[in-house]
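Reader: Hi! Could you walk me through this model?
Author: Happy to, let's have a look together.

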Amino acid sequence: MAETVFTPSLEGMKHVKAENGVILTKPFLEVCKQILPVLDKFGAAMAIVKSDIGGNITRLENKYSSDPSKYEHLYSMVQEEVQNKTAKGSSSCTNGLLWLTRAMDFLVELFRNLLEHADWTMSQACTDSYTKTLKKFHGWLASSSFTVAMKLAPNRDKFMEVISGTGDINADIEKFCTTFSPFLKENHEFLASVGLDDMKAS
């Protein structure tokens, strides 16, 4: 079976929604986790993003594990925090979901850049997607450490070779971006509906 580094997440995406169209917590977090090995291939350039994503997944998983039936639906954690007026706390699950979604936006945009701009270096692709997604929410410190990290981006051809495995990498990237984006959009729409989509980093 021809596989790329995206194969597990593409498989996982089929299970993210319940039959009634609701996003399920565990399958959504699993898909996010399956993206982490892709980040490993970036090396040092993505270390910050990876630890950020990992930390937010763990925070949401811990909450889910505390009562799987209660938190079966991804947004139930946020709704509870909104009711308890704890959603804006820096260690809230709402904050975790927001930053996880933003980091995933960045990755989708990055892979889209790699597909659409064959002439761009990896640093260019990273910087452009950062500017379009995360930058406006980051303070000066996060922004400057990100800019430094992007300079460590690997050689583009080598990276593509490493993530290709035995499959059609361009087709899988396309599929990943197209299938995953609507989930992220839904997260943003839900967070916006409770007035929490524009929180910035401190």
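**Packing around Phe28**

Author: Leaving aside neighbours within four places in sequence, Phe28 is in contact with Val16, Ile23, Leu74, Leu97, Leu100, Phe180, Phe183, Leu184 and Asn187; contact means heavy atoms within 4.5 Å. This is a predicted model, where local features need pLDDT of at least 70 and side-chain atom pairs count only at pLDDT 80 or more, while totals for chains, interfaces and linings use all residues. Residues are numbered from 1 along each chain as its sequence is written, and side-chain values use heavy atoms, with hydrogens and water left out.

Reader: Thanks! Which residues touch the most other members of the largest nonpolar core?
Author: Phe6, Phe28, Ile53, Phe106, Phe111, Phe176 and Phe180 do, in a core of 65 residues. Such a core is a set of buried Ala, Val, Leu, Ile, Met, Phe, Trp, Tyr and Cys residues joined through side-chain atoms within 4.5 Å. Buried means under 20% relative accessible area, exposed over 50%, and partly exposed in between, with a 1.4 Å probe and protein chains only.

Reader: And which helix gives the most to this core?
Author: Helix H5, residues 93-116, with 13 residues. Helices are DSSP runs (H or I, at least four residues), as are strands (E, at least two), numbered from the N terminus.

Reader: At what angle do H2 and H5 pack?
Author: About 50 degrees, with the axes of H2 (residues 25-40) and H5 12 Å apart. Axes are lines fitted to C-alpha atoms, for helices over the stretch in contact, and angles run from 0 to 180 degrees between N-to-C directions. H2 is therefore oblique to H5: under 35 degrees counts as roughly parallel, over 145 as roughly antiparallel, 65 to 115 as roughly perpendicular and the rest as oblique.

Reader: Which residues make the contact?
Author: From H2 come Phe28, Leu29, Cys32, Ile35, Val38 and Leu39, and from H5 Leu97, Leu100, Met104, Leu107 and Phe111.

Reader: New topic: which residues of H4 are buried?
Author: In H4 (residues 76-83), Ser76, Met77, Val78, Glu80 and Glu81 are buried. Their cover includes H2, H3 (47-66), H5 and H9 (169-193). Just after H4, Lys85 takes a positive phi of about 60 degrees.

Reader: Last one: why does Arg112 count as partly exposed?
Author: Because its relative accessibility is 27%. Arg112 sits in H5 and touches Cys177 and Ser181, not counting residues up to four places away in sequence.
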